[in-house]
Amino acid sequence: MADFRFAVAVMPKAGILDPQGRAVEQSLPHLEITGVRRVRVGRRVELTVEAPDEAAARAVVERLAHELLSNPLIESYAVELVGATSSIRVEASGAGRAEGRP
Amino acid sequence: MKVGIAVFPGSNCDTDALHAVRLAGADGELLWHEEADLHGVDVVILPGGFAYGDYLRAGVIARFSPIMRAVAAHAARGGLVLGICNGFQVLAEAGLLPGALLRNASLRFVHRWVTIRVERDDSPFTAGIPAGTLLRMPVAHGEGCYFAEEVTLDALERDGRVLFRYLDNPNGSLRDIAGVRSTTGNVAGLMPHPERAAEPLLGTDDGLRLLRSLVGSAGASLAAAWVR
């Protein structure tokens, strides 16, 4: 097993009113910034999945992103792998699997 | 005739709703979200509040509560379900009602009295209230901007599933929609709070008229007849 670290970016779909993006745009003159357009504000969720391989881990994240992290009617999402590490287990004799993961 | 009111962590209109359904002539009972059992109630109300702190999206985490499996089964059997404010958001996230409730166009939490027009009187939620009737009740929400795709909005209009419209749209809702019902007609949601307008002491009892319709429809065992 290994740990896979993912980032899920959830964004309002094109055509959906994004008042947060509009508010950011409207603040730009106060910073004397020009030439910035089409601001969209979304959400980034990072999470770690323990799985035998990347494909299995990604399948879990896709389901989570589709069913919980995003509302497919109004939001789109993109899943990105940001890191992976092999799980290191303490196999102390007689301790079995008592060494739980945090 | 018994109305069950679901209580999620963060619900805050549950006891108001309980009080109002009793004023409307029904027995009421609070139903804890961890239980997948509706205790034999005839009608379920999902009340207002901030279930699970509105984290992630308003209503989405409540949608996965055990009680929502029972609510979905109740709805599938033709049982009446009403979502008020946060309850409407939960029903939309659960797919029991069409559309979604987005952040208010103003980005502000709106809390004020609004006037809504009853669009249909052929529903168990509005029976006895003639179409065109104006009702005053409060809104209090940050995410009440009703959204659905154009094709869905057209279908809602065509099928008479828009139950209530704002006269003075407080949140940017498409087509001024304040409340809708399901294709089967036995599930409805609205953003305004009928339970907060349920007796003259609160300014008006306009909201009680809705709850009386609901209780009356369920009591007369008309629910099955309303399911198309």
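Start by selecting Ile5(B) in this predicted model: opposite it, in β2(B), stands Leu30(B). Now widen the selection to strand β1 of chain B, residues 2-7, along with β2(B); the two pair in the parallel sense, and 6 bridges link them. A quick reminder while you look: strands of a sheet pair through backbone hydrogen bonds, either parallel or antiparallel.

Next, show the whole sheet these strands belong to. Its 9 strands are ordered β2-β1-β3-β4-β11-β10-β9-β6-β7 (chain B), the sheet is open, and the pairing is mixed. Check its edges: β2 (27-32) and β7 (134-141) of chain B each pair on one side only.

Hop over to chain A and pick out the open sheet of 3 strands, in the order β2-β1-β3, with antiparallel pairing. Here β2 (43-51) and β3 (75-86) of chain A each have a single partner strand, so one side of each has no neighbour in the sheet. Select β1 (residues 2-12) and β2(A): 9 bridges join them. For one of the pairs, click Phe6(A), whose bridge partner in β2(A) is Leu47(A).

Then bring in helix α2 of chain A, residues 54-69, which lies across β1, β2 and β3 of chain A and runs at about 145 degrees to β3(A).

Last stop: where the chains meet. Chain B supplies 11 residues and chain A 10 residues. On chain B's side, look for 7 nonpolar, 1 polar and 3 charged residues.

Definitions and conventions. Residues numbered from 1 in each chain as written. Chains lettered and ligands numbered in written order. Predicted model: local features only at pLDDT ≥ 70, side-chain atom pairs only at ≥ 80, totals over all residues. Contact = placed C-beta atoms within 7 Å. Nonpolar A, V, L, I, M, F, W, Y, C, P; charged D, E, K, R; others polar. Pairing = 2+ DSSP bridges. Helix = DSSP H or I, 4+ residues; strand = E, 2+ residues; numbered from the N terminus. Axes fitted to C-alpha atoms, helices over the stretch in contact; angles between N-to-C directions.
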